[in-house]
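Here is a friendly tour of a fold for you to follow with the model open beside the text.

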Amino acid sequence: MVRVRETAWTPAERTAPDRDPAERAAALAGLMRGRRTVIVTGAGISTPSGIPDYRGPDSPGRTPMTYQQFVGDPGFRRHYWARNHLGWRHMEAARPNAAHLLLADWERRGLVSGVITQNVDLLHLKAGSRRIVDLHGTYAVVTCLNCGARRSRWALHDDLEALNPDFAERVASRGAIEVAPDADAVLDDTADFRMVDCPGCAGMLKPDIVYFGENVPAARVQEANALVDESDVVVVVGSSLTVRSGYRFVRWAVTTGKPVAVLNRGRTRAHDEATLTIDGDCVEVLELTDAALPDPA
């Protein structure tokens, strides 16, 4: 399964939110009530936590780095690591918002069986969710593409900091830094940044994030499919589903006769197949849905 480039970084068309979010939330609660629900999340659930998305109506046009660029060109790779050296700390500092916390609470209450997330920000884990499929990986782990060794992003940060003393301060002195998705930042001048290789074999290091043009590991796909199979309803929160790696689980649910609900700002790829669509703010609608769901036992 590949994260397809196509229009993944094109801002979505702005649409008018539903006029009665409480009525739409009640419909979502009715769809979930008495059923096992799996949640599929995208960048829209994390924007209230200060993490930008790729396709929100207010997002700038973006050109994310592809897997082929990263592995094939040292210049692209150096540029990415310089951006990541600043951006990952913003993502590490981000905290779950009310939507993440509600989903974790629903899992504890037995309303949700698990979360399949396209985000790499670990906010579901920080919120307390337990059964999580990080479909596109996370910012917190780095992998050697040669020997497969894995190390924490915190450890790599120390090595990069030693090789690039005062880099962050020098960049900050040039003006405000714009944070970008996937744990990086918007920088132009990165020519003097020095990279780190694998300490074990000197191989190429890469964040454990599935880049556009790269396959999602089969084990993650199988785990996500198992969650869908075990559930009765699929609810999409904050994703346009433009990238097939997330959309495929909606297709599988529809194929197997499971209802699908979509909560997102703007039209999504699944609108024509969904049982219920809600155009609204993720936090507001989920809080209204929670009010309409059964109280904890």
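This is a predicted model: local features need pLDDT of at least 70, side-chain atom pairs count only at pLDDT 80 or more; totals for chains, interfaces and linings use all residues.

Residues are numbered from 1 along each chain as its sequence is written, and side-chain values use heavy atoms, with hydrogens and water left out.

**The chain as a whole**

- The chain holds ten helices and eleven strands; these are DSSP runs numbered from the N terminus, with helices being H or I of at least four residues and strands E of at least two.
- Of its 297 residues, 53% are buried, where buried means under 20% relative accessible area, exposed over 50% and partly exposed in between, with a 1.4 Å probe and protein chains only.
- Among contacts (heavy atoms within 4.5 Å) with a separation of 6 or more, 76% join residues 24 or more positions apart.

**The parallel sheet**

- An open sheet of six strands runs in the order β3-β2-β1-β9-β10-β11, with parallel pairing; two strands pair if DSSP finds at least two bridges between them.
- Its edges are β3 (132-134) and β11, each of which pairs on one side only.
- On average, neighbouring strands of this sheet are turned by 15 degrees against each other, direction ignored; axes are lines fitted to C-alpha atoms, for helices over the stretch in contact, and angles run from 0 to 180 degrees between N-to-C directions.
- Five bridges join β1 (residues 37-41) to β9 in the parallel sense, and V40 has V236 in β9 as its bridge partner.
- Helix α1 packs on this sheet and touches β1, β9, β10 and β11, its direction making about 145 degrees with that of β11.
- Helix α9 also packs here, touching β2 (112-117), β9 and β10, at about 150 degrees to the direction of β10.

**The antiparallel sheet**

- Three strands in the order β5-β4-β8 form an open sheet with antiparallel pairing.
- The edge strands β5 (150-152) and β8 (205-209) each pair on one side only.
- Neighbouring strands are turned by 40 degrees against each other on average here, direction ignored.
- Strand β4 (residues 137-144) pairs with β5 over three bridges in the antiparallel sense; V141 stands opposite S152, and V142 has R151 as its bridge partner.
- Helix α3 (residues 74-93) packs on the sheet, touching β4 and β8, and its direction makes about 35 degrees with that of β8.
- Helix α6 (residues 153-163) packs on the sheet too, touching β4, β5 and β8, with about 75 degrees between its direction and that of β5.
- The pairing of β4 with β8 is antiparallel and uses four bridges, with G137 opposite I209 in β8.
- Eight of the eight residues of β4 are buried.
- Five residues lie between the strands in the hairpin of β4 and β5, where G148 takes a positive phi near 85 degrees.

- The axes of α8 (residues 218-230) and α9 (residues 244-255) come within 10 Å and cross at roughly 35 degrees.
- In this pair, V221, A224, N225, V228 and D229 of α8 meet R248, F249, W252 and A253 of α9.
- Helix α10 (residues 282-292) has C282, V283, V285, L286 and T289 as its buried residues.
- The cover over these buried residues includes α1 (21-32), α4 (98-108), β9 (233-237), β10 (260-264) and β11 (276-279).
- At the start of α10, a side-chain oxygen of D281 comes to within 3.1 Å of the backbone nitrogen of V283.

**Two buried residues**

- A253 lies in α9 and counts as buried because its relative accessibility is 0%.
- Leaving out residues up to four places away in sequence, A253 touches V228, V234, K258 and V260.
- A253 and N225 are 28 residues apart in sequence and 9.4 Å apart in space, C-alpha to C-alpha.
- H85, in helix α3, is buried with a relative accessible area of 0%.
- With residues up to four places away in sequence not counted, H85 touches R153, H157, L160, E161, F167 and F193.

Definitions and conventions: A polar contact is a pair of N or O atoms within 3.5 Å; within protein, one must be able to donate a hydrogen and the other to accept it, and residues adjacent in sequence count only if both atoms are side-chain atoms.
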